[in-house]
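This briefing is intended for a reader who has the sequence and the structure at hand.

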Amino acid sequence: MTVDAWVLEAVTEAGNRGATLRDVQRYIDERHYEELSIDTLEASLAELVASGRLTVEGERYHPAKRTSKEDALKKLFGDG
């Protein structure tokens, strides 16, 4: 698994409350027995937010809401 996959898993497992950077770090350490640096996790979180897979509210990260097929087509081709 890649760091991004672990980070996405950690944020998803946090549920509705979201996950802070420290929550993600703790989850990966406890579940995958891997101690990752803050810089590595920050870079991964930033990349996932930029790609639209995560959203951030304050210091908490949440999985991005999924777009329905219909909404995606409307966005791609317009409403008309």
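In this predicted model, the structure holds three salt bridges. Shared partners join Arg17, Asp23, Arg26 and Arg60 into one network of salt bridges. The points below treat each pair in the network, and then turn to the pocket and the patch.

**Salt bridges**

- The side chain of Asp23 meets that of Arg17 in a salt bridge, with an N to O distance of 3.7 Å.
- Arg17 counts as exposed, because its relative accessibility of 52% is over the cut-off of 50%.
- A salt bridge also joins the side chains of Asp23 and Arg26, at 3.2 Å from N to O.
- Both Asp23 and Arg26 belong to helix H2, where they are three residues apart, about one turn of the helix.
- Arg26 has a relative accessibility of 44% and therefore counts as partly exposed.
- Asp23 forms a further salt bridge with Arg60, and the closest N and O atoms of this pair are 3.5 Å apart.
- This pair links distant parts of the chain, since Asp23 lies in helix H2 and Arg60 in strand E2 (residues 60–63), 37 residues apart.
- Arg60, at 31% relative accessibility, counts as partly exposed.

**The largest pocket**

- The largest pocket holds about 150 Å³ of space.
- Its lining is made up of Ala10, Glu13, Ala14, Arg17, Ala19, Asp23, Val24, Arg26 and Tyr27.
- Two or more lining residues come from each of helix H1 (3–13) and helix H2 (21–32).
- Helix H2 gives the most to the lining, with four residues.
- By type, the lining divides into five nonpolar residues, four charged residues and no polar ones.

**A nonpolar patch on the surface**

- Which residues form a nonpolar patch on the surface? The patch consists of Leu73, Leu76 and Phe77, which together have about 370 Å² of accessible area.
- Leu73 is part of helix H4, which covers residues 69–77.
- Is Leu73 buried or partly exposed? Leu73 is partly exposed, because its relative accessible area is 45%, a value between the cut-offs of 20% and 50%.

Technical notes: Residues numbered from 1 in each chain as written. Predicted model: local features only at pLDDT ≥ 70, side-chain atom pairs only at ≥ 80, totals over all residues. Heavy atoms only, no water. 1 Å grid on protein atoms, 1.4 Å probe; cavity = no way out; pocket = protein on both sides within 12 Å on 5 of 7 lines; lining within 4 Å. Points joined across faces, edges and corners; volume = space filled by probe spheres on them. Nonpolar A, V, L, I, M, F, W, Y, C, P; charged D, E, K, R; others polar. Patch = residues over 30% accessible without salt bridge, like charges linked within 9 Å, V, L, I, M, F, W, Y side chains within 5 Å. Areas by Shrake-Rupley, 256 points an atom, 1.4 Å probe, with all protein chains shown as cover. Salt bridge = Lys/Arg side-chain N within 4 Å of Asp/Glu carboxyl O. Buried < 20%, exposed > 50% of the residue type's maximum accessible area, 1.4 Å probe, protein only.
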